Amino acid sequence: VNTSLIILEIAVVVLALAVLLLDLWTVPERKRLLGYGAAAALVLVFVFSFFIGGVDSPQYAFKGSYVLDPLALFFKRFFLLAAVVVLLMAVEFADRIEAGITEFYSLILFALSGMMFAASANNFSMLFVSVELITVTFYVLTSFQRRHLPSLEAGLKYLVLGALSTGFTVYGIALVYGVTGTMNFGALSEISGDLAGKPLLLVGLLLVFIGLGFKIAAFPFQIWAPDVYQGSPAPVTAFLAVGSKAAGFVLLLRLLFDAVPQITAQWTNLLVFVSAATILYGNLCAIPQRNVKRLLGYSSISHAGYLLLGVAAMAASATNPASGASAIMYYLAGYLFTVLAAFAVLIVALRHVEGEDISTLAGLNQRSPLLAAAMALAMISLAGIPPLAGFFGKFLLFKAALEQGSRFPALYWLVGIAVVGVVISIWYYFGIIRAMYWSTPAASTAIPIPILLRIALYVSIAGMLLLGVMPEPVIKVTQRAAAVFNQQVTTGQAAVRDGL
Amino acid sequence: MLTAITTLPLLGAIALAVVPRNYRFLARMLTLGVTFITLALAVILFLRFDTGSPDIQFVQKIAWVPSIGINYFVGVDGINVGLVLLAAIVSFAAACVSWEIRTNERDFYLLLLLMSGGILGAFASLDIFFLFFFHELALVPTFIMIGLWGRGENRNYATFQITLYLSAGALLALVGLIALYLQMPGEQRTFDIVTVTEFFRSNPMSQDAQRWIFPLLMFGFGILVSLWPFHTWAPLGYASAPTATAMLHAGVLKKFGLYGLIRIALPLMPQGAKEWLGVLAVLCLGNILHSGWVAMRQRDLNLLLGNSSVAHMGFPFLGIASLSILGVSGAIVLMVAHGLLAALSFGLAGYLHNHARTLEMSEFSGLLKRLPFIGTALIMAAFAGCGLPGFANFPGEIMVLFGSWKQLQPYAVAAAWGALIISAIYMLRAVRSMVHGPLLEKCSVIPDANTWRKVPFILLIAALLILGIWPRLLTDKIRPSAEVLLSHLPRQQPTPAAELAEMKP
């Protein structure tokens with residue numbers, strides 16, 4: 001076993017345990033500062049991830065159940081970056097959590113390690129373990145404000161529906177294993193083409209798909225998302241929106257295009273339908289929302305729909321799924337900066353306010369131009385308007401889908417629906433912008449922003465702008481990561497050799 | 001040089017971002033300075049443009065996203081050189097009239113410069129991606145400016161309406177543009193318009209693809225230009241917008257849709273154009289007749305101008321639908337002429353609104369006695385709006401009418417009727433009730449424009465007159481490029497026999 005491959009995960013887990021230990025020697029007033037330490041350490045891990053060499057060809061550990069390739073590395077960096085900002089938010093949020101702030105930090109780190117394992121999952125057991133590591137930590141995280149009723153409600157809903165999705169996943173995995181006799185994605189890709197007619201295999205895969213559908217909040221498994229997003233502590237919501245969703249997508253990509261590409265190709269219609277329904281549901285339901293977090297919850301559903309559009313485009317292109325995959329990753333990268341900026345603003349701006357109604361943001365521009373500008377840019381980026389990251393991401397996704405349209409005309413309709421969704425979304429995103437700039441403020445005091453969070457905001461704004469204006473470097477990275485899917489035949493064989 | 005023109009306003013916007021918020025005078029001077037230098041550069045560019053050559057001049061090309069074929073590629077030929085000049089003129093004029101803004105001036109000027117940079121970029125770009133990108137860059141400030149500094153109780157509704165309509169139009173066009181790009185084989189894909197045009201000239205796009213991509217562009221760009229019946233955002237939007245925004249959008253940014261049709265849709269999809277332009281010809285009559293009729297009923301000067309600007313858009317559409325060199329050239333002349341006219345009339349309306357706080361036409365009377373300059377400018381704007389000879393609109397409309405005569409005779413007749421009769425009715429009626437007649441008590445407090453405030457209006461009127469008296473300044477530049485652009489369009493040379501055959505049922 002090549003343990004050096006999981007060095008990043010080891011670092012994160014050790015850090016999580018260290019935070020728990022350090023808690024014992026830290027005086028209570030200083031405990032919230034542990035978050036800064038953890039964030040700084042994660043920055044180090046992030047920097048270190050660029051010095052891991054030799055991943056151009058995929059490398060396997062644990063009998064092929066763990067893979068380190070450019071795709072995995074891309075997502076690991078993505079999660080690390082997200083966790084750094086989420087930790088900074090958590091520090092800012094600390095006084096709204098009654099007790100156990102250190103546990104809060106370390107749970108975030110454990111969830112992070114789960115996401116990082118998910119990025120490398122190459123067999124069903126790894127998939128399951130990483131999903132559970134993420135989900136179980138989030139059960140606790142979502143209900144962390146224990147005297148705050150909506151938070152408890154969110155935790156309970158997430159627990160019940162999470163358990164349900166776990167049930168689907170396990171049952172599905174059992175069926176797949178029963179039919180094929182293997183858990184390994186590489187081995188599965190060798191034989192799944194021949195077994196594509198077996199109904200039990202299809203049912204099993206469908207159940208796993210449903211389980212992952214819960215994680216990414218795709219229609220019709222999105223029911224939990226608005227309530228949980230609304231009730232959870234804001235840093236947790238942010239991590240759920242960015243990290244958990246991206247983890248779901250990387251697992252989905254691995255499963256659909258590494259393990260069973262031939263079957264996925266037949267599922268294009270299903271993916272098109274799910275994507276269209278998710279886009280419409282998310283956008284239409286977001287219109288009447290008044291609670292900002294709930295609105296962002298629905299908006300995150302719609303963004304899962306746009307990402308699924310990319311997955312559908314990948315499924316339609318049996319020979320060259322890389323174009324869609326690179327678009328998905330680009331979109332996620334833009335989404336990372338955008339959503340984190342939005343939630344960072346919410347955490348600071350709603351600090352002294354009861355409730356999270358859009359009207360509480362009224363006149364934010366007068367109270368803090370930076371917060372208002374960051375939020376406005378985030379909304380414009382989510383709406384997909386140039387020159388921000390969201391636009392270029394959507395541009396790539398639409399391009400990937402239209403590229404396959406001539407072979408798969410349903411994709412044209414899907415793009416049409418996505419366009420309708422975008423126009424609808426402009427309506428509610430601009431509602432937030434209108435509240436911040438147009439309305440008279442409820443209070444006129446200036447809002448102080450802690451220096452580190454201010455830096456995080458500047459970084460997010462820079463990220464949104466750079467991804468929108470200078471796309472080339474990141475496109476290069478995503479294309480290299482996406483190339484994994486074009487090599488999957490050869491890597492699959494390698495995995496079989498290594499694993500069996 | 002072209003890059004200097006497009007980036008100067010954007011750099012100005014960035015510079016304004018670091019100017020402290022309360023340095024109002026500095027913000028205004030910076031904006032005026034930047035737009036003035038841009039204007040000077042654009043005039044130099046226009047004069048140094050090699051008339052008679054169909055080549056693209058002042059080219060600059062930098063690879064931007066080579067992995068998917070996006071280049072920063074700017075250049076002008078006869079088609080957009082006039083539009084770049086127009087954009088620069090109107091930007092400067094818009095900066096001049098913005099003395100009316102009294103709150104958050106710095107932010108307003110920042111957005112104004114951003115918008116003007118976006119517009120210049122959109123017209124100078126020869127890369128499909130950047131064309132779209134710059135256009136959207138100019139659109140977002142438009143929405144924000146209307147929402148924040150707009151006037152009237154309907155401004156929130158107007159902001160949402162204009163945002164939704166224009167975003168929908170832009171997205172439709174974007175889908176069309178991406179589909180166009182994907183029609184090229186994998187390795188050769190690029191967004192570079194020149195290469196794309198050459199490619200499709202030698203390997204025409206398949207009939208099917210043209211059939212469905214062309215309408216995407218036609219309606220997408222059409223919504224941006226307020227093509228009837230997708231025009232409802234325009235009158236209220238312009239009535240609610242701050243003066244400078246209305247001038248820039250109605251005058252220049254709106255023309256982007258027409259420009260896109262001429263630059264991209266026509267030359268790349270001649271077959272699709274042939275199939276769909278019949279629809280366009282009918283819809284453009286909706287603009288000319290229906291919106292003209294609606295304009296006749298308006299009691300508010302701004303709504304009248306908004307509707308009339310929608311009505312005027314019918315002519316360029318007709319010119320495009322005629323597919324003749326004369327018609328398309330006329331459309332381009334009209335784009336420039338109407339840009340100047342729209343900027344002039346919205347500027348004047350803004351001036352009146354600032355002093356009178358209303359634009360109900362019944363509230364004004366006898367302005368000429370009190371305000372000789374503004375009154376005269378209003379009369380001239382009205383004359384230009386009716387298409388009177390001497391103003392730039394006249395040659396444009398005549399060219400469109402002559403160009404469309406052969407193929408679209410009934411439409412041309414209706415259009416001429418609409419333009420001459422209807423617009424004369426509403427324009428002259430407005431002039432009669434506002435400028436002539438007894439001086440109303442309320443109106444006697446409105447001061448005439450002082451020397452500084454005259455500058456933008458004089459500039460716009462001068463440009464209208466110069467191009468009206470000497471249209472060759474534009475047409476000589478347009479003709480060679482238009483010929484190249486349309487050279488491979490399947491134009492039926494109407495022979496008498498063919499015409500007879502067509503007339504038989």
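Gln57(B) stands opposite Val76(B) in strand E2(B), so that pair is a handy place to start looking at this predicted model.

Strand E1 of chain B (residues 57–65) pairs with E2 of chain B (residues 70–76) in the antiparallel sense, over 6 bridges. Pairing takes at least two DSSP bridges; strands (E, at least two residues) and helices (H or I, at least four) are DSSP runs, numbered from the N terminus. The hairpin of E1(B) and E2(B) has 4 residues between the strands, and Gly69(B) takes a positive phi near 80° there. Phe58(B), for its part, sits in E1 of chain B, and its phi is near 55°, a positive value in a residue other than glycine. Most residues other than glycine have a negative phi, and most peptide bonds are trans.

Speaking of peptide bonds, the one from Pro386(A) to Pro387(A) is cis, with omega near 5°. Pro387(A) belongs to the loop between H16 and helix H17 (389–405) of chain A. Over in chain B, the bond from Trp228(B) to Pro229(B) is cis, with omega near 5°, and Pro229(B) lies in the loop between helix H8 (207–224) and helix H9 (233–240).

Now for a helix pair. H3 (residues 78–97) and H15 (residues 325–356) of chain B pack at about 5° with axes 9 Å apart; axes are lines fitted to C-alpha atoms over the stretch in contact, and angles run from 0 to 180 degrees between N-to-C directions. H3(B) and H15(B) are therefore roughly parallel to each other (under 35 degrees). On the H3(B) side, Ile79(B), Gly82(B), Leu83(B), Leu86(B), Ile89(B) and Val90(B) make the contact; on the H15(B) side, Ile332(B), Met335(B), Val336(B), Gly339(B), Leu340(B) and Ala343(B) do (heavy atoms within 4.5 Å). Of these contact residues, 10 are nonpolar, 2 polar and none charged (Ala, Val, Leu, Ile, Met, Phe, Trp, Tyr, Cys and Pro are nonpolar, Asp, Glu, Lys and Arg charged, the others, Gly among them, polar).

The largest pocket draws on both chains: H15, H16, H18 and H19 of chain A, plus H1, H4 and H5 of chain B, each supply at least two lining residues. H5(B) gives the largest share, 10 residues.

For the second largest pocket, H3, H14, H19 and H20 of chain A each supply at least two lining residues, and H3(A) gives the most, with 6 residues.

Residues are numbered from 1 along each chain as its sequence is written, with chains lettered from A and ligands numbered from 1 in the order in which they are written. Local features need pLDDT of at least 70 and side-chain atom pairs 80 or more, while totals for chains, interfaces and linings use all residues; side-chain values use heavy atoms, leaving out hydrogens and water.

Conventions:
Parallel < 35°, antiparallel > 145°, perpendicular 65-115°, else oblique.
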